Structures are given as C-alpha cells and as structure tokens.
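Subject: Structure for your review

Dear colleague,

Please find the structure below, followed by an account of the contacts between its parts. I would be grateful if you could read the two side by side.

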Amino acid sequence: MADRAYAVIAGLAAFLAVLFVAYLLWVTVANTGETWSTFGIWGFVSGTTWNPSEAVYGALPFIYGTLMTSVIALLIAVPASIGIALATVVFLPRRLRGPVGGFINLLAAVPSVIFGLWGVTVLVPLLRPVLDWLSETLGWVSIFGWQPFEGPVTAGSYLISGLVLAIMVLPIITAITREVLLTVPRDQSEAAFALGATRWEMVRHSMLPWARSGIVGASALGLGRAVGETIAIVMLLGNTPGIFTPLVGPGSTLASVIALQTGEASGLQLSSLTALAVVLFVIAFIINAAARLLVRRSEAGGSGGIVRRAGSWMVRRGRPAPTADAPPEPPPIAPDDVGAGGPQPVPRTPSLISGPGAISRSRVVRSRVAEGFIWFSVLLGLVPLVAVLVEMLIQGLPALSVAFFTELPPTDPTSYGGGIVNALVGTLILMGIAFLVAAPLGVLTALYMRDVGKSGSWNSRAGSAVGFIVDILLGVPSIVVGLIVYLGIVIVQGHFSALAGGIALGVIMFPIVVRAADEVLRLVPSGQQEAALALGAPKWRTTWSVVLPIAGPGILTGILLGLARASGETAPLLFTSLGNQFLSTNITEPIAAIPQLIYNNTIITQTPASLQLAWGAALVLVAIIMFLNLGAAILGRRSRRLEGRA
Amino acid sequence: MTTREARTTMEDPKVTTGDTQGGAAPLTQVAVTSGGPDRLLRAEEIAGPHPLQARDLNAYFGSHHVVEGVNLVFPENTVTALIGPSGCGKSTFLRCLNRMHELIPGARATGDVELHGQDIYGKDADPVAVRRAVGMVFQRPNPFPTKSIADNILAGPKFTRLKMGKGGRADLIEHTLRGAGLWDEVKNRLDAPAGGLSGGQQQRLCIARALAVEPDVLLMDEPCSALDPQSTLRIEDLIRELSERLAIVIVTHNMQQAARVSEYTAFFTIEEEGQPGRLIETGPTREIFGNPQNPRTEAYVTGRFG
Amino acid sequence: MNRTIRLAAAAAVGAGCLVGAASALGASTGSGATFPAIAYTKWCQDSGLCSYTGKGSGGGIKDLTKATVDWAGSDAPLTSEELAAIGGKIQYFPTLLGAVTIPVNIPGVNSRKMNLNGQVLEGIFDGSITKWNDKKIRAINTKLKLPANPITVCVRADSSGTSFVFSRYLGKTNKTSPFKGGSKTPNWGAPTLVKQPGNPGVANCVASTPNSIGYVDLGDARNAGLTSKIASVGKKGGPYVQPTAASIMKAGQVPTSTIKKDLTVDFSASKVRGAYPIVATTWVLLVPGRSTNGGARQVVKYFLSPKAQGALTKLGFAPLPSGLRTLANKQLSVG
C-alpha cells in the first residue's frame, strides 16, 4: 500500500513537471500564433527585416548574428580549451594541474553582465588598435562580396563579442574535455610511450583519437551555451541586425533582441519576439541533442562503441590483402636516424639513447611547437580570467564593508557608499524559491524515472518521455525561460513578483537537479537494494533508507550546482522579478537580485560610484557561486568515495 | 590478485602504491644487505653479449621503497622470466628497464640500467629514445582502438620518423604481423579498426606494434594474463620465436609459463607487507625450478607460498 | 519515518517564513523611462514612498497597461495604440526638465567648440550626412579641422524616451524629416549605426569609438565623463549653446496659456534666445480610477515638492517652470 503511495507521489511530481512544461509550451504556441499566421513559418525565419515601426518581423539577421558570434567564439574557445585541458591532464607539473583546472572553472562563476562590463570598459578600448589595424590591412578582403574586415570599426562588433563569448564558454568546454581526457585509459598512453613517443606524440596519437567524439560533444555543448548568451552580447555587439556585415562592425542576436525589446513589446511584436525565442530554442535544442549524444557515446565504453560502429563500415571497404604467400622480404626501411632495418637486432650506438642524435630534430621541433601552442592556450585562458578577477578585486574591494551587507544602495547614484542588502536578501529569497520549486520536484522526478517509470510498458514509456523532456529543458537558454515565464506567469498574474523570478530560476535549475540525481541514482549498486528488498523492505523504504543515503551527497551536489547556475542569471529576472530598490521580503512583490543590481548599475545608470557598487556586488555574487560550487565539489568527492566503497 | 593488478595498470596508478603499503618493519634489513641473493646471474657468467643490465636498482612510489638493490643481466636472444608473489616489485622493476616507471605520479628510480653499456638513467639519456630501443607489451592488450590495424603497426615508426615508401610500409606491416603470427588472420582487413580484434589478436597486434620499431629488448608484463588458454599458447610460441632475435624479459604469475618459455628465471619476493621487493635468486630456469638454492624460492616454485 | 516528518515540517516552516515575512513597506511601484531614473530613484529613496525601476518608457507604459506597476515614468505621450490598450484614459504629471546632449568624439577636435543644429543633426541621423567633413557640417564649423572619416552613430538599442525626445526635436527642425512626431524606436538611417542598451551604453559607445556621435541625457553624459565631449547646439544660424541648468530652464520659459490641457508640453526647439534646443519634460503616468492611485498620488506630490525639485540641478536636470508645476499640482487635487 505504501509502495502504491510512493509511486503516486513520485508520479505526481513528474506529472506536475510535465504539466508545467506543457503549460509553458501552450503559452508559447498561443503567443506566437499571430506571427506564424502573418508571415508564415518560413517567411518569418527567412525574413531579413525587423522593423517594429512598420510591423515587419523577420528572424534571419538574428539567426545569422547568433550563429556568427557563436562560431567565432568556438573558433577561439575550442583550440584553447583543448590546449588547457591537455595542459591540466598531461603537460603541467602535477602539483599545478588541479589548481589551474579549478582556476579555469572559476571563470564559469563570473556572471555574464560582468563579462559584458569588462568587455566594454577594458577589452573594447584595448583591442581597438588591433581591430583598426585589421580593417586597414585586411579591409579589402572580399569573400563573395562579403568584406569581413571592412571599416569603420565600431565599439560593438562581432569580433569582440565572439572573443568575450569564447572566454565565457571556455570553462565548460575545458571542463568536459578534461573529463573526457581523463577517461583515456592509462594503457593507451603507455602504449604510445612504450613505442618511444614524446609527450605530444602520445597526446596526438593515443589521447586525442580516443577523446575525439567527446571533445566534439564538449564543443557542441559550449556552442549551445554560446547561442543563448544574452547580457554580455547586448552590451558588446552593437544591436544592429544585419547579414554578412563586417565582423569589425555591429550585429544582433536572437537572445539580445529578445532581452532588449520584450519589455516594451506587445501584439505582433511580442508574438514575433516569442517566435524568435522558439527559433533560438530549436537551434539550442539541435545543438544540445547532438552534443549530448556525442558526449554520452564517448563516455560509454571509451571509444569502443564508436569504433565498433564505424568498424563494420570500414571492414567492408578494407583493402585487399597482398597475394604473396612467399615469406616476405625484410622491409626496406630507410631510416633517417636508425643504422639499419631488418629483423636482425643490430647493436646500437650509445647515441641512440642520449645526446642530440637520440631523437630527430623535426620530432623535437614538432613537439615543441605543439607544446608551445598548449602553453599559449593556457595563457589565453588564464590572462582574461586573471584580468577579470583583478579588475573585480580592484574595483569591487573598496566597496566592501559591513555597511555593504546591511545598507541599501545610495539614494544618489553619484554618491559612494551604501550597500546591496536588498539585492543580497533578494537573491537569497529567489534562490530559496528556486530551491523549493526545483529540488523536491527534481528529486522525485528522478526517483520516478528510476523506480516507477521502469515497471510496465506504459510506465516505462512515460519514464523515458519524462527523461526526454528533462533533456530538452536542460538546453533551453535562460532568456527563453525568462520570456516564457513572463508570458505564462507575470502577465497572467498581472504583477512582477519574486515568485515569478524564483519560478524562472527554478525552471532553469530543475533539469540540472533531475539529471544529477538520475546519474547518481544509477550508480547505486543494485546489490544493496536487492539486499534490502530481500529482507522484506517495501520499495519506498528501500529507496528511503538504502538508496537515498548512498545517493544523497551526489543529489545535493546536483542541487548546489543548479543553485550556482541559477544565482548568476540576469536575463530571466528582467521580465519576472523586475528589481526593487528597497529591502523586500514579500514574494508577491518585485524583488531585487544581485545580477540585476549589477545590470542596473552599469546599463541603466552608470556613474563611477554605481560602478563601484556593481563591482562589489559582482565580487559577492562570485563568492556565493564559488561557495556553492565548492560545496558541490566537496560533496561530489565524498559521494565518489562512497561509490568506490560500494 | 591478478584482477587487482590488472586494475592498477588500467586505472589510477596510485592504487599500485596500495599494494606495497603497510607498516614499516625493517627487522630483516641487516640480513638482506649483508646476505643478498643466493645465486646471481652475473655478466661474467654469460656467454655472448648482454644488451641490458641493471645495477643496484631501487624503485620508489613516493616514500615507499618498492624495489631494493636489484642487480640483473639480460642476455641476448634469450627469454628471462621474472616471477614472484604479487606486490614483490617485479612489474615495477620491469617498468624501470625502459623508464616507464617514472610516468606514474610520484614514482622514481635510482641505480643504473645499462643498455649496450650506456646508462639509460644517465644525465643525457632521453627516455623517449630509451623506450624506442626497449619495447614493451602490457598486461592488457592496448592497441589504439580507433586506428586501423595497419596504422597501429605504423604508429611507432611514425614517432621515430623512419622514412619509408608505400611499399616499405606495406612490407613492414606484413613482416611484423607475420612475426607476431597475426598476418593470416588480419591480412584482409588491415584498414579495420584494431578495436574490433579479439583479445588474443589484440595482444599479438601489440607485440607486432612493438616489433615494428626494431627494439633491442622486449619487455612483457604478464602478456597473457588477460587471455584465454588458446591465445596464451599462441603468444608463448611467439615469444620463443622472437627470442631468436632479441632479448625478452617477461613477468609472469604462471610458473608453467615461465618454465615453458624462459631460459633464465629471476625470483623476487618481499619479506612482508611494507618491505621493498628484492631479488632472491636467479639462474637458468631449469635450475630455479628443479634445484632452487634458496628455501623461499623453493617454497614459491613448489606452490607452498605466494 | 521520523526523518520524513521532520524534513517535511522543516520545508513547510521554511516556505511559511518566505510567505509570511511580507514587506512592511507598502511602497508604490513604478517603472519606465531611464531618462529621469536617477531623479526618481533618489526621490523614492528620500521619501520612502516608492520604488522605481528604469527600463525604458515603452516598458513602463506596458507595465502600467498590464497593471504590473502602479505608475509609469515616460518621456513620451502615449501613442494612440498605447492609449487604446490602456483603456483610453491616462493622466500626465510632468516632473522635471532635462536636456538631451550631443556628445561627439573626433580625435583632435574640441567637441565643445563643435556647432550643430537641427538640420545637420537630422542629416547625420537619417544617413544623408555620412562624413565629418560634409559641406553642411563645415559650413557652421569654419574654425574646426574636420576629418574625412565616416561618422559612427551611437543610438539606443532599447525603446527609449530619450530617443523620442531627440527624434521629435529632429522632426521639428526639418519639414521632410522621417522622424516627425518622434519615436521611442526611430528608424535611424545612418549607415554606420551602433545600438547600445541604456544611456550609459550610448555614452560608452561614443567615448570608445573615434569619429562617433550620439545622444545622451545630461546626467549620464556627465557620469560617463563626456562633459568635455558635448557639442554646442543651437538654432539655424546660432547662437550655439552648451546644455546647462540655465540654458535648459530658458527653454521652459513659455506662457502658461500655451500649455496643453493634458500637460503634454513640448519644450524642444525653443525660440527663446540662449535656450538649449533639445529639452524635454518627463511625466509620471497614472491610469485614473485604479485602486493603487492613492499611493501613487502621494509619490507625485512629493516629486513636485520644492524639496524634491530643489535637488534636480545637481543631478543634471532642471526644475519645472513654476507655471507648469502649479498646473500639475492642480491636476493632482482634481483627478
């Protein structure tokens, strides 16, 4: 009987989650109807004009801008990420590997608006001469009429946006690549070393082939992140839609136009903005689905699975064997650094193992060049990080004091002092709501997928459907979540509120919690549960007293990671919790949040004093996120240890 | 214990140190330093050249002393088997012979290993060149799974940048695969990924791959422990064949195997947990198994211990 | 089992705390124009009566329409569609005078010495003037050495009252202008356009882009350190004046009788000599008959008080002309 109740509760949670997603989907469909019927789906997607004053809406320039900035970002971020990951797995001294990896992960904790601010105030002026030089020397370059470097160079540009975006997606690509590289079995690297490979040759011939699909997957995940990036792009791209416009000039993306125009839009414009969100969602979905497929495939059984699949194809076109049955001649090797070939061992001169002649010059050069590139990547990743952190410390530390945590922002934006107590409390309340929304629902949904959604064909189909929905949610850009929650809750309810903001953050957090919980639950050894079940314990009891205690730290890790992700979000809050200059704890009223306070103090009003407050707030936010990530890492380590014991 | 060791080479190398952990009990220290092995294979006793020789070799994992003071000579065109109970340091000693040991975090070695009279741990010695001259085959077959069979063979020559034409490559592939007794099985699918071969075939491919760089010495770390009896026999045949051309050092837990394939045998053991592994006795295989001088050797080879 | 109950209880208590700890401040919420945001947030905080979020006039009007806020700040009167959406009735309360400044960044050129008028500005922003050494610019800047570089035009990316005020001014000075009547999102015709969010974004754009021009309210221009980059603007034929409290207030010197009944007065392109021409008033909007209007009226009353008005000059604005202030107070007591 109790088992029945357990199934019902878990099922209800999963059902609730599905219902909510369905509701948001319905809201989206209902809101985009006008656009589809006015322009047609293809007409909208291929439309090149976006002009609210003439009520003409086309998505193509934004699709172009989104893809172009993301591609530039990936072109920079992927090689750099691979380099950094290799450095932290192979090339750095062992003592430095962990710290450098962790340091790069820090970048993920810096909120988007800070990157935007850093880009605008530091990077744009710094790189100005470079862009000017590019436009002067390469301005004539024309690719089918597209002149990527044609001036004039503007403050907002594809290149700068792409660069900042690259820095922003670097941590995620690096982290996953690193994980993938660490799964390369030791015997693979030893095989290469034992054949006399240098470190780079080992990497090139044994690590990278093994990790290739995982790296491609990691890059695609980074791409998924890049297309959804909002605030930094709003601040850095110049918001001027265009197709095949110069890269040193401005553009616009799907996410940034949604962020900029939703606040004032209604009617067909709001409908079209929602339609842009749908387009963005579809792009992100395709990318994420591909990425997940690749990462999962490369994680399952190393490259074996891929190889076997590719293998059957390759075997068929295998080349015919030489017909010679006669004993083969000794291979006519003409070595450049070996005395003679042939099967007979030849005593080698001592110079073989030492001295300058030991390995050929071209090998040394190649390996040096490759390692040089890897060090350059590490530098590329570390320099912006250090720059942003140093900037944040220099600018933000003077703001920090006891009053910073107890007082409201100053009445006059030009005066120094004051604090961010409203935003600090607001962020904590928003995170609390997000936690209450996402954690119980998320864990119950994961339990449903595991315990209930596997018995019976209907249930198992429902279970995998829930899993699919969770996977989809995982890839939804936060700006899209914000817009949909705005349509589905704020407008319906008729008021901006902390509740709406918290729910938006909860929607972002929910799939992270489910996935983390699901993965951890999978790792609980089935023997343990069978032992409990064999003692006559009901299923819910087994789950409660056997499975959850083992999986608990892992699930908490997922929850903390979800909170960390949600707490840095700005875009979804702009349309939901609105902001509040006072200390409010009423969840039905607008509420302040740290990312939003930073946004307001940099984009809406900007004075030296407001900037100082913003940098200080950024410091606090990064500290909160770091704290959450650290907690997650410690718990994660503990749960891994448990797993090892089990 | 075999599976445990298989894991150590596969996964976190630190686990290896676990095998040698334990309380330090230096009680037998004196006896050993004064006594030493009962019978040693000395360079002077060997007729003919001996490409590889270890002198007073010590190996450590961090602060754990895992191999102590080993002196051993490996004659040309012979198979030397290293036997002993798990954790006695024989695998570690083997990995010291081509400087693979130092790849494990915290691992280091002291003493001399001479290859053709030159110290591979010398100041100028390049580990990359050392490993090229002293090849290695591992416990678990580890072909590059994404590379084709042919490319696995060519991987080593590629590293060493041997220049050869297309025909030269084809000949090398055929030659080494024949040498490893794999040619007839794979000649029709040289472009297929190596991951698709069976375990025994993969191991022979690994041997072929090691042969393709023309090493002077081939180290084999329990090369048959992950294989079925049929494949094991094939590999053993192969080892005997290969020993006509180069020196082979093989670590094995299987004493029949040692007896079947090797001319010389070296017995390692540890006094107790936490002590370093030491070389107890070496000699012609027949004598080690038939007439061991040291009671511990006798206990081990007759199955009363280990 | 015990743990279940305890956990559930803890969660319930936690949720209860969140719901129960309602704010003691019954503050009236407003959102909208970023142009007066500095003044409004200061006034709100000084008085403790309200909370204001600057997000653009359009956003504020939309929030007010959906009743997600109690009052809106706007630099522009409602369009007919907006008025229809909100139910046909709206009250305008002017709160302050502000100027839109024209920051110019040309390396080697002293911007304050740069003279601009409505015709030239209109040409730059609609794309008919694309280079700094255009004849029309040189004609009124005979003493400046202007480069042949293309002009980068920095404008607002979001819907903005500042854009409305500026484009309405451009529309007024030129009969054939596409900007006639003004728009919160004008269709700028300039070939090299960079759109930035918020006035600080536009200010940053000008500051970091050589050969650029933009439009920013006086306070934000000052905050962004652009004071030395602000061009002088005047009527055709001059005089060309810098925006200052005095020159802004001069633009507000109109006879009370000429002010429209709904108080949607337009002070731009003033005929008064020495008046800065790009001047606007900004309004607090209320929808008559809403239950929240009691609090909102308190807010407006404070905004119009001498104490509040006296704080404006320091923030880069000018107080309302006394005639307009009287009319606003009168409407407050009537409506």
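Between chain C and chain A, eleven residue pairs are in polar contact, with both residues of each pair at pLDDT 80 or more; please bear in mind that this is a predicted model. Salt bridges between chain C and chain A number zero. By class, the side of chain C that touches chain A holds 22 nonpolar, 25 polar and eleven charged residues. The elements of chain C that each give two or more residues to this side are α1 (2-20), α2 (37-47), β2 (50-54), α3, β8 (193-196), α8 (198-208) and α9 (218-223). In total, 58 residues of chain C are in contact with 61 residues of chain A. The two chains bury about 4,800 Å² between them, and 58% of this lies on carbon and sulfur atoms.

Within chain C, the domain assignment gives domain 1 (3-96 + 282-334) and domain 2 (101-250). Their centres, taken over C-alpha atoms, are separated by 30 Å. The contact between them involves 17 residues of domain 1 of chain C and 17 residues of domain 2 of chain C. About 1,300 Å² is buried between these domains, with 60% contributed by carbon and sulfur atoms. On the side of domain 1 of chain C, the residues that lose the most area to domain 2 are C:F35, C:D75 and C:G316, which together account for 31% of what that side buries.

One salt bridge is found across this domain interface of chain C, together with four residue pairs in polar contact, both residues at pLDDT 80 or more. Helix α3 (residues 57-65) of chain C supplies three residues, the largest share of the side of domain 1 that touches domain 2. That side comprises eight nonpolar, six polar and three charged residues. Also in chain C, C:K184 and C:E82 form a salt bridge, their closest N and O atoms being 2.8 Å apart.

Chain A is likewise divided, into domain 1 (2-30 + 400-645) and domain 2 (57-184 + 214-293). Here the centres lie 25 Å apart, taken over C-alpha atoms. The contact takes 34 residues from domain 1 of chain A and 29 residues from domain 2 of chain A. These domains bury about 2,500 Å² between them, 83% of it on carbon and sulfur atoms. In domain 1 of chain A, A:I479, A:L483 and A:W615 lose the most area to domain 2, together 20% of what that side buries.

The domain interface of chain A has zero salt bridges and one residue pair in polar contact, both residues at pLDDT 80 or more. Helix α23 of chain A gives eight residues, the largest share of the side of domain 1 that touches domain 2. The residues of that side divide into 25 nonpolar, seven polar and two charged.

Two further details of chain A concern its helices. The axes of helix α4 (residues 94-106) and helix α6 (residues 158-182) of chain A come within 9 Å and cross at roughly 145°. In this contact, A:R97, A:G98, A:I104 and A:N105 of α4 meet A:P171, A:T174, A:A175 and A:R178 of α6. In helix α7 (residues 186-194) of chain A, A:E190 and A:R186 lie four residues apart, about one turn of the helix, and their side chains meet in a salt bridge (3.2 Å, N to O). Over all chains, the whole structure contains 22 salt bridges.

With kind regards

How values were computed:
Residues numbered from 1 in each chain as written. Chains lettered and ligands numbered in written order. Predicted model: local features only at pLDDT ≥ 70, side-chain atom pairs only at ≥ 80, totals over all residues. Heavy atoms only, no water. Domains from an automatic or database assignment. Contact = heavy atoms within 4.5 Å. Buried area = accessible area lost by both parts, 1.4 Å probe. Salt bridge = Lys/Arg side-chain N within 4 Å of Asp/Glu carboxyl O. Polar contact = N/O pair within 3.5 Å; in protein donor to acceptor, adjacent residues only side chain to side chain. Nonpolar A, V, L, I, M, F, W, Y, C, P; charged D, E, K, R; others polar. Axes fitted to C-alpha atoms, helices over the stretch in contact; angles between N-to-C directions.
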